[in-house]
Amino acid sequence: MQDLGIRVLFMGNNFIRLLGGLWITVKISLISVGLSIVFGLLLGMIMTLKNPIVKCLTKIYLEFIRIMPQLVLLFLVYFGATKSFGLQLSGEVSAVIVFTMWGTAEMGDLVRGALISIPKHQYESGAALGLESRQIYRYIIVPQTLRRLLPLAINLATRMVKTTSLIVLIGVVEVLKVAQQIIEANRYTVPDSALWIYGCVFFLYFIVCWPVSRLAVRMEKKWEN
Amino acid sequence: MGVFYGRIEKLDTGFMAEYFPLYVEAAKLTFRLGMTGILFSLVIGVVCSLAGYYHVPVLRQIAVVYVELSRNTPLLVQLFFLYFGLPKIGVMLSSEGCAVIGLSFLGGSYMAEALRSGLEAVEKGQMESALAIGLNRFQVMRYVIFPQALATSVPPLCANVIFLIKETSVFSVVALADLMYVAKDLIGLYYQTDEALLMLVISYLVLLLPISVAAGLIERRLRYAGFGD
Amino acid sequence: MEGQEKLLEIHHLHKDYGNGAVLKDVSLDIHKGEVLVLIGPSGCGKSTFLRCMNGLEQIQSGEIRLDGEVITDPKTKWSEVRQKIGMVFQSYELFPHMTVINNILLGPLKVQKKEKKEAEKEAEQLLERVGLLDKKDAYPRQLSGGQKQRVAIVRALIMKPEILLFDEVTAALDPEMVREVLDVMLELAKEGSTMVIVTHEMQFARAVADRIVFLDGGEVVEMAAPEQFFTQPETERAKRFLDTLSFE
């Protein structure tokens, strides 16, 4: 039987459908990562402010988002928002909202960390060379911040892709849902297809995440002083 | 703000009191399975990190492949494979078995990475000076290397514990009546969305806040009081 | 020295890291109660030589005997041998997570399985001798370099080794702390301890040594009593080495 199970992958357009499902996941993560970077940069800069109220609010936001499982956040937005605002949010939109909120929190913290890790004398030695403040940022501060930030941000992206797998639980038709449909459709002809299809999904995720996390590791190694 | 205030007013406290015990049971289940998984994760983490540290042939390569597989795939997909895939080749696992195996498979690599970074941070000379007073290799690890590595590894290990308990939130897919399952059930059956979600959030806060606070305290103690500073 | 008991015998030792020999056919006997000082230019193999003596480095060929027994056999139980051969390192290598007293007691308690009370008493006596009894419960991080190195010496001494190896133990110290460590070593020498010392402190070498061994390029180039070596070196290489020092 086992040699038969794998053929279900190549029947009709099954494999293409799985890839299509994966694309939904990747698409949602990419949009969320993009938005998280923009909002995260803002949040990170806000978090370096000394204002106690700002500090307190951002801290509460950060801690709440971090301590709640992402699935709980998805439920809060998907089920909660529908009821309270009468908005019928789709699973995809809920997912983008939640992952952007989460990503912004994580990214904001990374940006804050990178910003405060630049020693003060970097600004001073820049000034001592006669650079203007705009040039100091352009040539000294921003490149150093980016070096610290980029590997961490890339890591965040792989975490985002993995976490996006959760959206199947709020009804989005993504790779796991497509897998279920394929298995269901071939229930009688290929009874052991679940092993192969879910195995395939497992490796699809791996193929997407692995190169990206290798990239992060390599960047980190390259840029560590 | 008004929207929220109005909703707090309208909360059905009777409903909440009635179904509160379901959450308690679910939280207990989550906690029990989570802790079991974390324990196995630690064991796997120790084995993998030591295999790397001592350059144990074969085992080391297996550990590298395992860590990459585990870290680059979601727990949800791992659970689908275990629960729905494996029975097709005759490997039948109970729901709890799947949950614990899945969580350990995921957590082992995270623990391994945390411990590896700790082991790498211990200075090379420590091993030699411990050998030089006649300790055997096991004693060197037990009394000299491991305690130092652990001190460095505690912050990431704590972070992993919190991360893994959060990850248990997908256990409902292997038919376990965990917190998400209870909440979804109540929403589906009674449309008491606000109450169900509020209790869900509170349950996770009760479960995770103490661990998070404790982790913060341990970390601070290590940083400020470590080894006579 | 003749007629005295041979403690450590090294025959035709050859050590190679794979990119050329570090030690070439080195032979040497160390007698009981003798203080041997190894000197030579950096990279001449003297530290490696020392580390071969207690098995921290693997050798490719040759033989080392301790009390007449071969210890360079694959079957050697190094944990037993190393109790008889103590070693003190350049970078102290105290265990940072343990207090001074626990650093010292680790060997006696875990390796020699001694009574805690008895071992503690010995440790305190030794600490007293090096003037550090009041630091007993301090952590290494709270000590100065010289204090750390004295603790490291005590940690080696408490195992009652037959021979002590010192690997450039003052090289990492601030100049004002060198003396306190050298004084401890001088005293040990006076008491008749057997020691092999690698050092760059030439005055100290001259004062403490019974015999100077000059290594260069992985070979023993010259072996002589200190007065002889420092005033009338026989070989051209030793002369050149001593000359470079006098210009420093």
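Okay, let's start in chain B: the buried residues of helix α4(B) are Leu75(B), Leu76(B), Val77(B), Gln78(B), Leu79(B), Phe80(B), Leu82(B) and Gly85(B). Before I go on, keep in mind that this is a predicted model.

So, α4(B) runs over residues 75-85, and with 8 of its 11 residues buried, the helix is mostly covered. What do those buried residues of α4(B) pack against? On the chain B side, they pack against α3 (59-71), α5 (95-121) and α7 (137-167), and from chain A they meet α8 (175-185) and α9 (193-223).

That brings me to the chains themselves. Which pair of chains shares the most contacts? There are 2 pairs of chains in contact, and chains A and B come out on top. Chain A and chain C, on the other hand, have no contact joining them, and their closest C-alpha atoms are 24 Å apart.

Now have a look at His97(C). You'll find His97(C) in the loop of chain C that sits between β6 (85-88) and α3 (100-111). Is His97(C) buried or exposed? Its relative accessibility is 14%, and the cut-off for buried is under 20%, so His97(C) counts as buried. Its side chain reaches across to chain B, where the backbone oxygen of Tyr143(B) is at 2.8 Å.

Next, two helix pairs. We describe packed helices by the angle between their axes and the distance between those axes.

Pair one is in chain C: α5 (residues 145-157) and α6 (residues 175-190), with axes that come within 8 Å and cross at roughly 20 degrees. That angle makes α5(C) roughly parallel to α6(C). The crossing of these two is right-handed. If you want to click through the contact, α5(C) brings Gly145(C), Gly146(C), Gln147(C), Gln149(C), Arg150(C), Ile153(C) and Leu157(C), while α6(C) brings Met177(C), Glu180(C), Val181(C), Val184(C), Met185(C) and Leu188(C). By class, that contact has 7 nonpolar, 4 polar and 2 charged residues.

Pair two is in chain A. Here α2 (residues 14-47) and α5 (residues 91-116) have axes 6 Å apart and pack at an angle of about 40 degrees. So α2(A) counts as oblique to α5(A). What is the handedness of the crossing where α2(A) passes α5(A)? It's right-handed. And the residues in this contact of α2(A) with α5(A) split into 16 nonpolar, 8 polar and 3 charged.

Technical notes:
Residues numbered from 1 in each chain as written. Chains lettered and ligands numbered in written order. Predicted model: local features only at pLDDT ≥ 70, side-chain atom pairs only at ≥ 80, totals over all residues. Heavy atoms only, no water. Helix = DSSP H or I, 4+ residues; strand = E, 2+ residues; numbered from the N terminus. Buried < 20%, exposed > 50% of the residue type's maximum accessible area, 1.4 Å probe, protein only. Polar contact = N/O pair within 3.5 Å; in protein donor to acceptor, adjacent residues only side chain to side chain. Contact = heavy atoms within 4.5 Å. Axes fitted to C-alpha atoms, helices over the stretch in contact; angles between N-to-C directions. Parallel < 35°, antiparallel > 145°, perpendicular 65-115°, else oblique. Left-handed = near helix turned anticlockwise from the far one by under 90°. Nonpolar A, V, L, I, M, F, W, Y, C, P; charged D, E, K, R; others polar.
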